[in-house]
2 protein chains.
Amino acid sequence: MRTAAVIGSGSWGTAFATHLAGLGFDTVLMARRRELSDKLRRHATNPEYLQVLTLPEALAYDCYAEADLSGFDLVVLAVPSRFYRSVLRTIKERLSARVCVLSLSKGLDPDSCMRLSRVAEDELQSLRPSIAVLSGPNHAEEVAFGQPSATVVSSVDMEYARRLQQLLSDEHLRVYANADLVGVELAAAVKNVIALAAGMSDGLGYGDNARAAVVTRGLAEMSRFGTALGAQARTFSGLSGLGDLVATCTSRHSRNRLAGELLAQGYTPAQVEHEIHMVVESLTVAPLVLRLAGDASVAMPITENVAAVLAEGKSVEQCVNDLMSRAPRDEDW
Amino acid sequence: MRTAAVIGSGSWGTAFATHLAGLGFDTVLMARRRELSDKLRRHATNPEYLQVLTLPEALAYDCYAEADLSGFDLVVLAVPSRFYRSVLRTIKERLSARVCVLSLSKGLDPDSCMRLSRVAEDELQSLRPSIAVLSGPNHAEEVAFGQPSATVVSSVDMEYARRLQQLLSDEHLRVYANADLVGVELAAAVKNVIALAAGMSDGLGYGDNARAAVVTRGLAEMSRFGTALGAQARTFSGLSGLGDLVATCTSRHSRNRLAGELLAQGYTPAQVEHEIHMVVESLTVAPLVLRLAGDASVAMPITENVAAVLAEGKSVEQCVNDLMSRAPRDEDW
């Protein structure tokens, strides 16, 4: 593999394109609109995200709505979950057969509740693509600046996952392979909901103890959910489960955590996305996770409370009181 | 139970005595020296720890080297691991038969590498005591100020653990019971070593991604170690494992994390304890964990690197390079 197209010029797409260029890939970062890709080229920075990052000279730019995508060895998907299917429909006619896809998006399809790799399989099936996902504790800012990070690549085709592992690793980014695609994707979806809850705790002025309890009980809830849907429990203890959860719940960079903080301060969900200026995946995914959990009869008290704040305007204080005053019990998984 | 003696007036002993007084226990906080217990009484603050906390009026003070301990329903041990056995030897003649002991200390006995509840059993066996340990993500400051926290009480006698769970819970502190005493104690010992590594990463200027990777791989290492020594794996995913690890690795309050930061800045271990003015359990426990891991043939790459920094003055940069450049692999547990 020598050439890569990164579909989506948000912060993670921009950071990952920078990483690929650093690895020696001929990389094209593709924005939704021509106007934005022109701006990226002109300024060698992304005016909307990661403004402090100077984009590498080797990076090229294009618009994914129009670009010829047939010649790329690797196509990287870095678009919000809510646009995932529509972007695939936009680009699929321009992809080659047996295209190598790597998906960076986290969430679930809002209409079908499907995992995103399933959506890609579904939309691209006539092309017989290779599909992998990459997920882990990877704040875009830090990967872009080459700070040490670790991540997971997962695919049902482990040969493909291991090939990507070799190609994407360098001294800054350590890549692990994991065959449990279901677990990796479900963890990535649910962790943003738990991060929202952690942010709510922060927003109420609570401390590190409360946040650590949210992380721990949240991981238990993620793991119960995932295993009920066919995932391996241990994936949730790995980089794409616990690792990403910890990074998202404790970082100043995390928009999902910040969203919870704003909700605790009385913002509505609509005001939160307006304030943050970026897609906040947890706002979309919380009710989807709850729907799947209901179908599978999995108890998810934290997710239920988050969804109640989002849908019914339940107060954040009331959520914490409800969670703290449940009957005493043994630790359960 | 109505009366409690807290042995040890460090930050956690002081905070827990405050919690017990709030629950309505007639509580005596006991310092090592008469001079200090007099100071506590006179100022209603602890001059050495938690200085901003005004101690509750209901709290009484005494010196555990001399006090009559025979009348207390509950004796709480909150002394550093390195003094644990000697403190028990000091007080045991003054304890009643069938005394109820709750241990808050974290670490291993430096001479024997024994878990601390085993040391208590050993020293107090003629009294046939009930012994439980309490462990979780519980920064003393936050518990003292009644911020929401969750924790675990564990004992081989689950009836005793459940009794304590009922007695120690309130709307601020949610207590879970866990029968895996071995896991709870080993997690508490090893998490400080991992927190030291997380602090080293912070001290090198690395970010949330690197720290999340340390937490994740650290938990894997803790869990391998614990299960090899007879613990249940799921305890490591609970509040006394993951929960405490997250709180310790991400908090500004954590002295073990701070110790790692100072080591990365070139301080020696001796300078670190001098600078922090408190016992840093990880400095004592790292070589003990490594010794037990060697006996059980468990690989602990993070602990090995921490121990090499402490014992041989290996550079922190070299540790990170060694950990990042290991051969690519699948996620393993």
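Counting over all chains of this predicted model, there are two aromatic pairs. Trp12(A) with Phe16(A) makes an edge-to-face one, 5.6 Å centre to centre with 70 degrees between the planes. The rest of the tour goes through the sheet of chain B, a look at chain A, and the contact between chain B and chain A.

**Aromatic pairs**

- Trp12(A) and Phe16(A) sit four residues apart in helix H1 (residues 11-23) of chain A, so about one helical turn separates them.
- Trp12(B) has 16% relative accessibility, so it counts as buried; the limit is under 20%.
- Phe16(B) comes in at 1% relative accessibility and therefore counts as buried.

**The sheet of chain B**

- Chain B has an open sheet of eight strands, ordered E3-E2-E1-E4-E5-E6-E7-E8, with mixed pairing.
- At the edges you'll find strand E3 (60-63) and strand E8 (173-178) of chain B, each with pairing on one side only.
- Going from one strand to the next, the twist averages 25 degrees.
- Helix H9 (residues 239-250) of chain B packs on this sheet and touches E6, strand E7 (149-154) and E8 of chain B.
- The direction of helix H9 of chain B makes about 140 degrees with that of E7(B).

- On one pairing, strand E1 (residues 3-7) of chain B runs parallel with E4(B) over four bridges, and Ala4(B) stands opposite Leu74(B).
- E4(B) is also joined to E5(B) by four bridges, again in parallel; here Val75(B) has Val101(B) as its bridge partner.
- Next along, strand E5 (residues 100-103) of chain B pairs in the parallel sense with strand E6 (residues 130-135) of chain B, over four bridges.

**Strands E5 and E6 in chain A**

- Strand E5 (residues 100-103) of chain A and E6(A) pair in parallel over four bridges.
- Ser103(A) has Val133(A) in E6(A) as its bridge partner.
- Strand E6 (residues 130-135) of chain A is mostly covered, with five of its six residues buried.

- Asn192(A) lies in helix H7 (residues 181-203) of chain A and is buried, with a relative accessible area of 3%.
- Leaving out residues up to four places away in sequence, Asn192(A) touches Lys106(A), Thr248(A), Asn256(A), Glu281(A) and Ser282(A).
- Ala308(A) belongs to helix H13 (residues 301-312) of chain A, and at 10% relative accessibility it counts as buried.
- Beyond its neighbours within four places in sequence, Ala308(A) is in contact with Gly313(A) and Lys314(A).
- From Ala308(A) to Asp322(A) is 14 residues in sequence and 12 Å in space, C-alpha to C-alpha.

**Where chain B meets chain A**

- The contact draws 57 residues from chain B and 57 residues from chain A.
- About 4500 Å² is buried between chain B and chain A, and carbon and sulfur atoms give 54% of that area.
- On the chain B side, Arg174(B), Asn209(B) and Glu331(B) lose the most area to chain A, together 17% of what that side buries.
- Two salt bridges are counted between chain B and chain A.
- Asp208(A) forms a salt bridge with Arg252(B), whose closest N and O atoms are 3.5 Å apart; the cut-off is within 4 Å.

Key:
Residues numbered from 1 in each chain as written. Chains lettered and ligands numbered in written order. Predicted model: local features only at pLDDT ≥ 70, side-chain atom pairs only at ≥ 80, totals over all residues. Heavy atoms only, no water. Phe/Tyr/Trp six-rings, centres within 6.5 Å; stacked < 30°, edge-to-face > 60°. Helix = DSSP H or I, 4+ residues; strand = E, 2+ residues; numbered from the N terminus. Buried < 20%, exposed > 50% of the residue type's maximum accessible area, 1.4 Å probe, protein only. Pairing = 2+ DSSP bridges. Axes fitted to C-alpha atoms, helices over the stretch in contact; angles between N-to-C directions. Contact = heavy atoms within 4.5 Å. Buried area = accessible area lost by both parts, 1.4 Å probe. Salt bridge = Lys/Arg side-chain N within 4 Å of Asp/Glu carboxyl O.
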